[in-house]
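Please open the model in your viewer and keep the selection tool at hand. The stops below are meant to be followed in order.

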Amino acid sequence: MKRYIHYYTLLFSAAILLLASCASRPDVPSSSKETKSLPAIFPDYCNVMVPYNIAPLNFMLSADEFEACVARISTPDGKQQTYGDGVKVQIPEEEWHDMLNAAKGKALKVEVWGQKQGAWLKYNAFEIRVAEEPIDEYVSYRLIEPSYVAWSFMEIAQRNLTSFEETQVFNNEITCTDIKKGQCINCHSYQNYKTDNMLFHVRKSNGGTVIVNDGKVSRVNLKRDYTISGGVYPAWHPTEKLIAFSTDLTRQGFHTSNPNKLEVYDLESDLILYDIKTDSVSVVSNDSTLLEVYPTWSPDGKYLYYCKSVPLPEELNIKDRDNEIGRYYEKIQYNIYRRSFDVATRNFGAEELVYDAASQNKSATLPRISPDGRYLLFAQGQYGCFHIRHNDGDIVCMPLNVENPSPLDLSRLNSKGMPDSYPSWSSNGHWIMVASRREDGNYCRIYFSYFKDGKVEKAFLLPQEDPEHNVFLLKSYNRPEFMVEPVKISVDEFSKVFDK
């Protein structure tokens, strides 16, 4: 009897799978009207270049305009498959990766039909070109509300880019001991894209910098008598147990009429170097009349790049910055500098101006050097240091070590009239990741763009299993970082360092 039950159970399961398969294999409409235009799909994946190991680029048509959607995807070897469930196209991961492998170095052809008021419309086919270079398998980011008003629930999460798996690295509720004070977690950073050496900050309640050193977790107070604060914006040295930080007294301002709704600025900021082995902090730069922030290392570890403000307005009373600097935030602009670094002696060389943004009435922040050392990537706006909240915030890329360099054309990466910031390079230097508010002006989402020989391709949105995820997720993706492997330490393990 049990054998028959098992048999019928298997038969029933097979039938369900068959029905599910049929439901996800719609027929191409037998008759349709040609529109001579590309489909208005969300996300916009028309004619993008993607890595061969990316998760399925699921998309949809607007449910307000269409009743149904059918997509037919063809590989270069002539194989075809159709997808569609309502207005959404959701592709099984295994099938998708088989298609990408078949199209590596070539392209997938995508045809879309949309049903509107009972009639089918056929749109122009588009391509999804498949690069021969992979993307790093993981990214991590902080998920937060876009307003920063209160210390509500927030987390640092990591996402497997080859699939839709997202796991939590840490959250601010597990160790918060003072509900009124709240707890902020931010600024995760890794050494050479790996996670055995990494850090993130915990502020307010139970604060400290959580550092993972060769897989061992500790919580460190980086505040010293001679520093403004503990470490804030971090940068791991690529080979040594050294971390460069800015130390900052940061403030926020909220506007009622300014289209840039929120301003984040520093009253003071310096640069320090933390030696993990000796638990020692040394000052890199601490000019009290200037603001220094956002350190980053060259890939060979021989230079420390950072941003430094032009001289502050003479009328600004330095002793009363907390009351006065808010009135002058639009006059504060940053240039990009660097100092050479001797690993053996731990000594820094003289300061060199790398990029003079202020001479163009601009402000440059968040520099990142390409893994081959040939390009400088950064965010830029007219003023300030927080361009993810400035509608003129764009990403800029400059060649390094050439005479009279000109910025590269990043028009296919940047949005128009919406903030773009937090740029970073993949470990192979062929993918640029940015955070952008281009969808609605409020919520940050992650975009990727292929980079090769100084040229970028059209940016594409981080794919999700449900294409509506980026519409309904009421969280912003903050400070996304590439990783070649996941964080292996659990949330519970991290929380134990707060018991000591």
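This is a predicted model: local features need pLDDT of at least 70, side-chain atom pairs count only at pLDDT 80 or more; totals for chains, interfaces and linings use all residues.

Residues are numbered from 1 along each chain as its sequence is written, and side-chain values use heavy atoms, with hydrogens and water left out.

Begin by selecting the open sheet, where four strands follow the order E17-E18-E19-E20 with antiparallel pairing (strands are DSSP runs of E, at least two residues, numbered from the N terminus; two of them pair if DSSP finds at least two bridges between them). At its edges lie strand E17 (234-236) and strand E20 (280-285), each of which pairs on one side only. Within this sheet, select Ala235, whose bridge partner in E18 is Ala244.

Next, select residues 155-160 and 166-171, which are strands E11 and E12, joined by five bridges and running antiparallel; the two form a hairpin with five residues between them.

Now turn to the salt bridges, of which the structure holds 22 (a side-chain nitrogen of Lys or Arg within 4 Å of a carboxyl oxygen of Asp or Glu). Select Lys88 and Glu468, whose closest N and O atoms are 2.8 Å apart; Lys88 lies in strand E6 and Glu468 in the loop between strand E32 and helix H4 (helices are DSSP runs of H or I, at least four residues), so the pair ties together parts 380 residues apart in sequence.

Finally, select Asp420 and Arg438, which meet in a salt bridge at 3.0 Å, N to O. Both Asp420 and Arg438 are buried (under 20% relative accessible area, with a 1.4 Å probe and protein chains only).

Notes
Buried means under 20% relative accessible area, exposed over 50%, partly exposed in between (1.4 Å probe, protein chains only).
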